[in-house]
Amino acid sequence: MGTEPFTVPASLAQQSLWVHSEVTGAGAAYHVTALVRITGDLRLAALRRAWEVLADRHESLRTVFRLDGDELVQVVQPHRPPPPGLREIGRDELDGVVAGLLARPFDLATGPLVRAHVLRLSEREHVAVLVMHHIITDGVSSAVLLADLTRVYEAEHRGAEAELPELPVQYADYAVWHRRRLSGDRLRRLTEHWSARLQGARPLEPARPATGPVTAVAADVRLDDRVHRLAAAHGATPFMALTACFAAVLGRCHDRSDVTVVSPVEGRGRPELAGVVGYFVNAVPIRVDLSGDPTAAELLAHVRTRALEAFDHQELPIEQVAGLLRRHGEPGADRICSGAMIVLQEPRPSAWPVADLTFELLPPPAPVAKADVVLDLRPDGRAFTGTVECHPAARADGAWLAGALATFLDGACAEPDAKISALLPASPPAPRSPAGGPPTPDTLAVTATPAEYVEPRTPLEAAVAGIWQDVLGEGPFGALDNFFDRGGQSLAAVRIATRLAEVFDVEISVAADLYADFTVEAVARRVAARLAQARSAAAPVLQAAPRGPGVQHFPASPLQQGVWDRLSPDRPAPLILGGVRVRGPLDVGRLRRAFADVAARHETLRSTYRAGTGGLEQVVTPGAAPPVEVRDAAPEHYQDVVRAEADRGFDLEHEVPARVVVLRFAADDHAVLLVLHHLVGDRRSVDVLARDAFACYAGRAAALPALPVQFADFARHHHALLAGPRAEELIGYWTDRLRGARPLTLPSDLTAADTPWAPGTSAEFEVPAVTFDAVTRLATDFRITLNSVALTAFATLLARWTGDRDLCVRAPVSFRDDSRVQELVADFSNDVVIRLDLSGDPSFADLLRQAERVTSEAFAHHELPPHLLEPHLEDPGLLSRLFRVQFTTEPEITAEPALGELAVAPLLPRYPYAHRPLSVRLRHGADGPRCVWIYREDLFSPTRIAALAAGFSGVLGELAADPGAGAVPATSAVGGSPD
C-alpha cells in the first residue's frame, strides 16, 4: 500500500452509479449490506486486525470519487477506513439500530464508502453489520470479503499470519482496461447487436412519478426439481427454464407477446478478477418473443438461443444499452432495462464455522424495489427458493406471479408440446394502487394512464423541451411532461442542468430545482426565475408603470415599430380578423357597451399611433373604444364585407386600430366581424377579445382575469431588454445561424412580378385520420413535438419539388412567456427562421431530430424583431426573402361562449391578401386534422396547391411507415411532383 493517493478514471458502471447517487442524495437504494450473527467468544482485536488486512488488500475499500474537469475519477487513498466499532444494545433494539445504520448516507467525495459495526447482544452473541456503497462492491465482492475475513480472523486467532494469494490486479486496473476494451470494432459489434436486438422493444409497465427508494412487496416462491427436468429435456440450463417460465407468466400478466427480462451477470470474465472487490456486475436484457402462442418446448428453445447470445454480448454496460435505445428514439428505454429482472443466486451456506465462532447470515431488511418485478431465486438442493419482489405501484402481484410460475411449470413438465396459452392461469391480476390495495380512479391514472400531451406554450417551454430532446434523444416533451415519467435518469438530469446553465447562463441545482417538480413547465418557470435573478436590479423588469389622468403617451414597442415601418399606402393593411355567427335576439346596444367595457380593460383598444422624433408613439385616450357598426347584409355577401374592410384599413393617427362590424342577416341572425390592425393584435388577441366581449355582454365581467400590466409596460420592458447585452447575444446568434442562407425556391407553377403582396386565397385539405394518428404515434415514439414531425414532412416535400437542400422556413413565435401578458389584446408575435439541412441523403429519423433541435434553438432566441436584425446581415434584404414560406402546426380552438338564449358559432373570415407567397398550417382538433394552404393567386394555381397538399399527406404517410428510410431521393423532379 502506497503512501500517496492516486487517481484513475472511474469505470463506466461507476460513472453511471455516481450520477444517480449524487443527485438523489445517496440513499439506501445504493447500499450493499451484510448482516452476520456471530456466536461464541468474539475477539474484537482479531476482528479489527482482519479488517486492516482487508483494507490494505482491496483498494476499492479505500476509494473515493471526484470530478476532474468533466471526468469522474476514482481516488485510491493510502489510509484505511475506520475499524469496526462496538456497541452494546438490547435485543429489542436490534431492528431499529440496524435500520439506522443501513440508512446513513455516504459522501462519495470524502468517504469512507464502507462501514463496519459490531452490536453486542450478550457476551457470546454479536451481530456484525457491514454496509458498503454499491459503487465499490457487488454481490460477489461481498462473498469475497467474507471469505477473506474468515481466513484472516482464523489466522489471527491462531496467532499466525494469514496466507492470502496475491491479487494480480486491482479494480482500478480493470476500470482502465475495460474502458480501452470497449472501443473500435468490439464496441461497434456490441452496439450493433443491442441496437438490432432491442429495436421496437417496449416496457411492460407505464411510466410513473419518481418517488425515490420504495420498499418492494415480496412474496415467497418455491419451485421443485421439475425445473431441472424441464431444462434437461430440452438441452437447456435451469436458468433458461426459469427465464422461459418467468417471461411466459409476465406476458400473461401484462397481455403482451414481447417481453424483455433483465438478468445480472458477474462481469468477471477473466480469472484474475475472481478475488477482487469492486463493482463488476452488469445486467443483460433477454428479449422473449411469445407471439404465435408457441409450445413450451418452442419457447424454451427460443429462450436458450436468446440467453446465449445475450451472454456473448454482455460486456456493454446496461446504461449504455439504454442510451442506445434513447438515441434511436425507442420509448421507455430506461424502463425496458429496469422493468423485469430475474436473479439466480449462487448456492452458499447460511452458516459456517470461523475458528471457535459460528457465523450466520441474517435475512436482509425489507428489500428496496430494484425494478418493477424481480424474481430472486437460490438453489435449495434440487429445488429453487426465493422471493418475487414487486414495486408497490406495479401491475404485477408477487403472490399471483409465484402461483402462476408453479402452475406453468406443472403444465410444461406434464405436456413439453402444449401451447403456453394452455399453461397459464386464466385471469391476470387486476392493477393495484401504489399502496398495494384496490385501485382507485386517481391511482389508476398514475399507474396505468399516461398524462395528456400538452404542447409547449411559450418559447421558453419549447427551449426547455428542446434541451430535453437533445439530452435524452427522444420526445415530444409536452409542457406537463414529467422527466421521470418519460424514462429520464439521473445522468441525463445532470446533463440537462448543465445544458440549461450553458444556454441560459443560470445556475440550476438538480436536487433542489429539478427534482422538486421535474416537468417542462416547472423547469421553464425556474429558468425564468433564475434569469430574473441573474439580471439583477439593473436588468429590465416587467412591471406596471403608474398612470396619470387624461391622455397618456408611451413609446410603442420594437415590434410595433417594425410593423409601422413596413406600412405603405400601396399595400393592404396587415389585419387580424375574427368572426362569429350569432343566432337569437342579439342586443346591439348591449354589445356596444360590452366592447366599451373591454376597451376599458385593454389600453391598446383606446390607442392611436403617431411617429415622433423619438420613434413611434402610442397615445392612450380615456373613454375611447372600437366602434361597433351595424349593417344589413346577406350571408352570401359575408366575404365581400370582409374584403371591403380589409381595403378600408385604418387611420392610425386618428382612430383606434380596431372595429366591430355587425352584419344583420335577419332579426335573429347576425354575424359579428372583429377587425384588428396587426399593430394591436395577434391570433391570441382575437380569442381574448371575443371572450372578454361576450363575458361583458353576459354580465360576467367580474369573472375575467385581472390584468397586472398593459402592453405599454411590455413595450418599455422590451426596449430595455434590447438595450442590454441580450441584443448583442441575439444578433450574434442569428447572423451566425443565417450565414450563407439562401431564399427557398418556390414550388410555384405561375410567374408573377416580385411584389411583397398580392391577392391571396386559401384551400383546406383533410389529412387522412389514419395518417395523422400514425404521425402522432411517431411523435410519441421519437419523443418530439408534432410540429417537428409535420415540419420534417413539409421540408421533405419542398426539397423533392424544388431540388433545394438548404431550406429556410418562417415560423411564428410569441412573446407571451410571462403569464402577466397572456390575457392582453396586443401584438406579441414575432418571426424566426427555421433552417434545415437536407444534404447528405438524411433519413426521416435524422430530419425529425434535426427539426426538433433547430426549432427549439430558434425559439430560445426569439426576442429580436426582424427589422432590428436586418442591418446586421450581409444582405439587408435577405430576411424578408427567407420569410416567403411559412409553416406551423396549431391546435384548433372550437370552444363556443355560452350566452343564454344566443347560439354562437365560429364564422371565420378569410383575409383576401397574401403578404407572403405560401403559408401552410396543419390544424388539428375536434373537427379532425386538416391542412390550410394560404397562397398568392399570381404564383400558384389551385391545381398546383392540390398537388402539393396531396404530396404533403403522402410524405407524412411515408415518414410514419418507415422513419429509417431516406427522406430525399438522390434524384427527384424539380419544379413538379416527383415520380
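Reader: Buried means under 20% relative accessible area, exposed over 50%, and partly exposed in between (1.4 Å probe, protein chains only). What share of the residues in the protein is buried?

Author: The structure is a predicted model, in which local features need pLDDT of at least 70, side-chain atom pairs count only at pLDDT 80 or more, and totals for chains, interfaces and linings use all residues. Residues are numbered from 1 along each chain as its sequence is written, and side-chain values use heavy atoms, with hydrogens and water left out. Of the 979 residues in the protein, the buried share is 54%.

Reader: What average pLDDT does the protein have?

Author: pLDDT is the predictor's confidence in each residue, from 0 to 100. A score of at least 70 is reached by 89% of the residues, and the protein's average is 86.

Reader: How many contacts does the stretch 432-450 have in the model beyond near neighbours in sequence?

Author: A contact means heavy atoms within 4.5 Å. Over residues 971-979 the pLDDT is below 50, and that stretch has 17 contacts beyond near neighbours in sequence. Residues 432-450 also have a pLDDT below 50, and their number of such contacts is 31.

Reader: Which residues of helix 12 are buried?

Author: Helices (H or I, at least four residues) and strands (E, at least two) are DSSP runs, numbered from the N terminus. Helix 12 covers residues 398-414, and its buried residues are covered by elements including helix 7, helix 8, helix 9, strand 8, strand 14 and strand 15. The buried residues are Gly398, Trp400, Leu401, Ala402, Ala404, Leu405, Phe408, Leu409, Gly411 and Ala412.

Reader: Which residue has a side-chain oxygen that reaches the backbone nitrogen of Ala399?

Author: The pair lies at the start of helix 12, and the oxygen comes to within 3.2 Å of that nitrogen. The residue that supplies the oxygen is Asp397.

Reader: How many bridges join strand 14 to strand 15?

Author: Two strands pair if DSSP finds at least two bridges between them. Strand 15 runs antiparallel to strand 8, with seven bridges, and Arg222 stands opposite Thr385 in strand 15. Strand 14 and strand 15 form a hairpin with two residues between them, and Gly381 in the turn has a positive phi of about 70 degrees. Asp376 stands opposite Thr387 in strand 15, and the number of bridges between antiparallel strands 14 and 15 is eight.

Reader: Which residue in strand 19 stands opposite Pro555?

Author: Strand 16 and strand 19 (residues 615-620) run antiparallel and are joined by four bridges. The residue opposite Pro555 is Glu617.

Reader: Which residue joins its side chain to that of Asp831 in a polar contact?

Author: Asp831 is placed in strand 25 (residues 829-837) and counts as buried because its relative accessibility is 19%. Residues it touches, leaving out those up to four places away in sequence, include Ala811, Pro812, Val813, Pro866 and Phe883. A polar contact is a pair of N or O atoms within 3.5 Å; within protein, one must be able to donate a hydrogen and the other to accept it, and residues adjacent in sequence count only if both atoms are side-chain atoms. Here the contact is 2.2 Å, and the partner of Asp831 is Arg810.

Reader: What distance separates the C-alpha atoms of Ala201 and Ile336?

Author: Ala201 is in the loop between helix 6 (184-197) and strand 8, and counts as buried because its relative accessibility is 0%. Ala201 and Ile336 are 135 residues apart along the chain, while their C-alpha atoms are separated by 7.4 Å.

Key. The expected span of a helix is 1.5 Å times one less than its number of residues.
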